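Biologist: I am new to this structure and would like to learn how to read its features one by one. Could we begin with the sheets?

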Amino acid sequence: MKLYNLGHVPWLQSQLIYHALPRLGMEGLILLAPAEPYVCIGYHQDVTQDVDLDYCQTHGIPVFRREVGGGAVYLDGNQLFYQLVLHKDHPLALSDKGAFYRTLLEPVAETYRQIGIAAHYKPVNDIITAEGRKIAGTGAAEIGDYLILVGNIIMDFDYDTMVRVLKVPDEKYRDKIYKSLRENLSTIKRELGVVPPLEEIEAALIANYEAVLGPLERAELPPAVYDKVEELKRTHTSDEWLYKRGKRGEARPELKRREQQTKIATGVEVVQRMWKAPGGLIRAIVEIKEGRIADVALSGDFFFYPADKLEALEAALAGVELNAVESAIAEFYRREGIESPGVTPADFAKALTG
């Protein structure tokens with residue numbers, strides 16, 4: 001397998017390169033860091049509800065939607081990204097998502113241990129310190145016939161900017177987020193007091209991935225990858241892409257964000273609910289008519305495979321009686337072969353029906 005150790009690259013390339021490889025039929029392990037800071041949101045998130053876009057625009061912070069689930073995060077050059085692209089026929093890609101995470105995140109946990117931090121893998125997709133603090137961000141996706149694993153080794157972290165770029169109801173809530181971040185997210189610098197040389201971290205990570213993947217051949221990215229990156233810029237930096245989840249709700253005025261429960265007419269109401277499953281937050285905006293789902297919009301920081309089937313799930317729920325929602329979702333999972341680590345049909349039903 002090829003190893004592309006790219007150093008610091010323009011922020012947009014730090015995302016689009018791993019989006020380009022599967023579209024070109026290429027496997028590989030990519031190591032890089034962004035040269036500029038930016039905000040990256042998960043595939044299923046509603047950017048209008050999760051990110052303070054005014055703050056980002058005022059401070060010149062780009063916002064990008066990735067084709068990987070999970071939540072919004074502030075990224076910068078103090079994080080070393082690892083991005084693994086595997087064909088679905090690769091032996092390591094044939095297991096379920098839980099085993100996929102467990103096998104391919106162990107090299108990252110081992111890298112932390114080798115530099116002096118007692119870290120270990122925690123399902124579904126976390127790497128935590130001995131004290132239970134998260135110390136790496138990770139996620140996975142399917143792009144075409146390829147599985148993608150992405151993550152970052154956090155050398156240092158800008159907690160202040162992270163809490164500023166998130167959209168919150170008030171400053172008191174923002175203070176709570178900041179306190180929680182400081183208590184539950186750690187970095188190499190916080191754990192060790194200093195950050196080892198980047199070359200040392202990279203060498204350990206490469207060796208640990210070779211123990212799982214086999215020998216890695218250092219290589220330069222071919223021009224075709226950069227050509228594909230330029231092509232993807234046109235779609236993945238458009239407003240249509242960024243507002244992919246949020247603007248769907250705006251097409252129907254009654255589905256805009258309102259009070260938690262709003263009566264529209266006799267037998268008709270719009271409800272917004274949130275449910276925190278082990279695998280992420282689910283946000284549901286539901287129009288209910290005479291005890292049945294008339295329309296629904298789902299978003300959140302969960303992982304859902306295949307990712308493009310979430311809209312199909314929304315469509316499948318139209319007309320379903322509220323007391324039959326969970327069974328309808330379970331049937332959809334079976335029919336479509338859905339995987340959503342840490343999120344079950346029962347979790348979606350909780351978000352939809354309370």
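Modeller: Let us begin with terms: helices (H or I, at least four residues) and strands (E, at least two) are DSSP runs, numbered from the N terminus, and two strands pair if DSSP finds at least two bridges between them. This is a predicted model, in which local features need pLDDT of at least 70 and side-chain atom pairs count only at pLDDT 80 or more, while totals for chains, interfaces and linings use all residues. Residues are numbered from 1 along each chain as its sequence is written, and side-chain values use heavy atoms, with hydrogens and water left out.

Biologist: In what order do the strands of the open sheet of 8 strands lie?

Modeller: Strands of a sheet pair through backbone hydrogen bonds, either parallel or antiparallel. Here the open sheet has 8 strands in the order S7-S8-S9-S10-S6-S2-S1-S11, and its pairing is mixed. Strand S7 (119-122) and strand S11 (217-218) stand at the edges with a single partner strand each, so one side of each is left without a neighbour in the sheet. Strand S1 (residues 2-9) runs parallel to S11, joined by 2 bridges, and Lys2 stands opposite Glu217 in S11.

Biologist: How many residues lie between S13 and S14 in their hairpin?

Modeller: That hairpin has 2 residues between S13 and S14. Strand S13 (residues 268-277) pairs with S14 in the antiparallel sense over 10 bridges, and Val268 has Lys289 in S14 as its bridge partner. S14 is also joined by 8 bridges to strand S15 (residues 292-300), again antiparallel, with Val286 opposite Val296 in S15. The hairpin of S14 and S15 has 2 residues between the strands, and in it Glu290 takes a positive phi near 50°.

Biologist: Which members of the largest nonpolar core touch the most other members?

Modeller: In soluble globular proteins, nonpolar side chains tend to be buried together. A nonpolar core is a set of buried Ala, Val, Leu, Ile, Met, Phe, Trp, Tyr and Cys residues joined through side-chain atoms within 4.5 Å. The largest one has 88 residues, of which Tyr82, Tyr112, Ile127 and Tyr209 touch the most other members. Apart from it lies another core, of 25 residues, including Ala284, Phe302, Leu310 and Phe332.

Biologist: What does Tyr209 contact, leaving aside its neighbours within four places in sequence?

Modeller: Contact means heavy atoms within 4.5 Å. With those neighbours left aside, Tyr209 is in contact with Leu29, Tyr82, Leu104, Pro107, Val108, Leu149, Gly214 and Leu216.

Definitions and conventions
Buried means under 20% relative accessible area, exposed over 50%, partly exposed in between (1.4 Å probe, protein chains only).
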